[in-house]
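Here is a short report on a predicted model.

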Amino acid sequence: MASLTDTTPRRLVGPAPRARGDSAADSTARAREERFTLVRMAPTGDAVVASTRSGLWLVQTADGSRKALSTVTDTLRGPQVTLSEWSSNGRTLYLAYASRTSWDRGILRVDAASGALDTLVRDGRLYGSPSVNADGTRMALTIAAEGRPADLWLAGGRMDGAKRVLESNPQFASRVLPQTQLVSYLDADGRSQFGVLTTPSREARNLPTVFSVYESFFDDGFDATTMYLASHGYAVMKPSVTFDIGYPGEAWLKGVTASANKLIEMGIADSSKLGVHGTSYGGYATNLIITQTNRFKAAINVSGKVDMISFYTDSPRLGVRNVNAAEKTQDRIGATLWEQPQKYVQHSAVMFADRIKTPLLLMTGGEDHNVPALNTREMYFALRRLGKPVEWVNYTNGGHGIPMTNATEFADWHTRLLGWYTRYLKAEAKRATTSQ
């Protein structure tokens with residue numbers, strides 16, 4: 001910590017220097033446990049909240065003394081506790097609580113001086129963006145449930161007398177909307193996973209089923225595209241995936257197909273009518289999945305790269321996001337292009353376009369500087385060369401993901417997405433109805 005007047009930084013928390021006699025392993029383990037990430041500074045400047053692998057800490061800026069606000073005993077399945085709000089006088093902190101094994105969420109209040117913790121509310125709803133007035137007697141926040149858009153609520157400082165003051169979509173009251181549920185299953189390696197399933201109704205069975213992929217999903221927040229597909233008779237599953245460094249393509253195959261097996265076992269999914277799509281990292285995943293399996297009868301890649309090599313070395317963000325993501329973070333290759341060139345080939349779906357049998361729709365934005373449309377376009381020309389079913393839609397003024405340029409293009413994007421699935425997942429049913 002330092003200030004404009006006291007410019008010499010001093011350490012508040014962090015691993016102590018390696019002591020004489022400490023082994024390298026002991027020093028590394030201690031450093032790992034004492035690795036702090038700053039979350040927020042108190043409005044009064046006399047404390048900060050920092051996080052470690054073991055939980056949240058309230059740290060006094062005067063002397064670095066600290067006390068735990070929350071502790072984590074199970075980093076995989078233990079509940080998540082995050083800081084949501086800090087009163088302007090610095091006396092009270094508001095924490096968001098979320099289980100990772102059930103839809104059990106809430107808001108906790110902590111007295112900064114005593115550390116006393118109160119549970120203000122805890123149930124299955126999603127709570128967001130609490131904002132407390134200066135004296136802590138009133139609170140504004142958003143509340144959502146069952147995949148619906150969030151509404152604005154006002155309550156007392158202890159969540160007493162909560163009242164909805166703005167219903168974001170009152171027209172939904174007169175409609176029967178799709179239903180959400182949390183589904184647990186085992187992936188191909190026997191690890192426990194969760195996925196969020198949305199269906200037209202609780203009783204729906206033997207449905208054409210679409211898998212919306214990215215990384216891990218858990219909460220049932222509002223997703224317009226998911227609700228749109230479910231309202232047209234599709235089950236939509238958002239499966240979770242556990243990754244091993246160097247093998248992201250294999251991880252998606254294991255995680256997504258395992259969730260498909262679960263839905264077929266439950267009687268919800270029609271095994272002959274499975275589709276898969278994703279945006280950005282999920283689009284990249286979609287292309288890799290269909291080079292490894294023919295189970296999916298339709299696929300859609302939205303703003304996802306198909307060539308890891310050209311993405312790594314030929315991008316407006318070269319040296320910042322693309323290289324770091326490939327080597328160390330989201331892409332999880334775990335090495336540079338020159339250390340493990342075969343990994344970059346293995347995770348470039350365009351290199352295995354000849355294996356793809358699934359009809360593929362590619363959707364890009366001409367102004368996308370995150371994943372340039374030219375990268376995704378490589379797959380279009382590869383599949384055209386191979387004589388395989390593919391379409392490419394590029395929104396000239398669109399950015400990354402769904403085009404937000406205007407209402408017409410937003411609607412057109414959804415119409416094309418639904419149309420692709422209708423063509424390949426419902427065509428047989430339509431022909432059978434017509435023949436009768």
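How many residues lie between β9 and β10 in their hairpin, and which residue in the turn has a positive phi? Five residues separate the two strands, and Gly136 is the one with positive phi, at about 75 degrees.

**Hairpins**

Strand β9 covers residues 126-132 and strand β10 covers residues 138-144. The two run antiparallel and are joined by five bridges. Within this pairing, Gly128 stands opposite Thr142 of β10.

Strand β10 also pairs with strand β11, residues 151-156. Six bridges join these two, again in antiparallel fashion. The hairpin of β10 and β11 has six residues between its strands. In that hairpin Glu146 takes a positive phi, near 55 degrees.

**A four-stranded sheet**

Another part of the model holds an open sheet with the order β1-β2-β3-β4 and antiparallel pairing. Strands β1 (37-41) and β4 (66-71) each have a single partner strand, so one side of each lacks a neighbour in the sheet. These two strands form the edges. On average, neighbouring strands are turned by 25 degrees against each other, direction ignored.

Strand β1 is joined to β2 (residues 47-52) by four bridges, and the two run antiparallel. Leu38 has Ala50 in β2 as its bridge partner.

The strand pairs described above compare as follows.

| Strand pair | Bridges | Direction |
|---|---|---|
| β9 and β10 | five bridges | antiparallel |
| β10 and β11 | six bridges | antiparallel |
| β1 and β2 | four bridges | antiparallel |

**A helix pair**

Two packed helices are described by the angle between their axes and the distance between the axes. For α3 (residues 248-265) and α4 (residues 281-290), the angle is about 80 degrees and the axes are 9 Å apart. Angles of 65 to 115 degrees count as roughly perpendicular, so α3 is roughly perpendicular to α4.

Which residues meet at this contact? Helix α3 brings Pro248, Gly249, Trp252, Leu253 and Val256. Helix α4 brings Tyr281, Tyr284, Ala285, Leu288 and Ile289. By class, the contact has nine nonpolar residues, one polar residue and no charged residues.

**A loop residue**

Gln330 sits in the loop between α6 (321-327) and α7 (341-346). Is Gln330 buried or exposed? Its relative accessibility is 18%, so Gln330 counts as buried; the cut-off for buried is under 20%. The side chain of Gln330 makes a polar contact of 2.9 Å with the side chain of Tyr214.

Key
Residues are numbered from 1 along each chain as its sequence is written. This is a predicted model: local features need pLDDT of at least 70, side-chain atom pairs count only at pLDDT 80 or more; totals for chains, interfaces and linings use all residues. Side-chain values use heavy atoms; hydrogens and water are left out. Two strands pair if DSSP finds at least two bridges between them. Axes are lines fitted to C-alpha atoms, for helices over the stretch in contact, and angles run from 0 to 180 degrees between N-to-C directions. Angles under 35 degrees count as roughly parallel, over 145 as roughly antiparallel, 65 to 115 as roughly perpendicular and the rest as oblique. Contact means heavy atoms within 4.5 Å. Ala, Val, Leu, Ile, Met, Phe, Trp, Tyr, Cys and Pro count as nonpolar, Asp, Glu, Lys and Arg as charged, and the others, Gly among them, as polar. Buried means under 20% relative accessible area, exposed over 50%, partly exposed in between (1.4 Å probe, protein chains only). A polar contact is a pair of N or O atoms within 3.5 Å; within protein, one must be able to donate a hydrogen and the other to accept it, and residues adjacent in sequence count only if both atoms are side-chain atoms.
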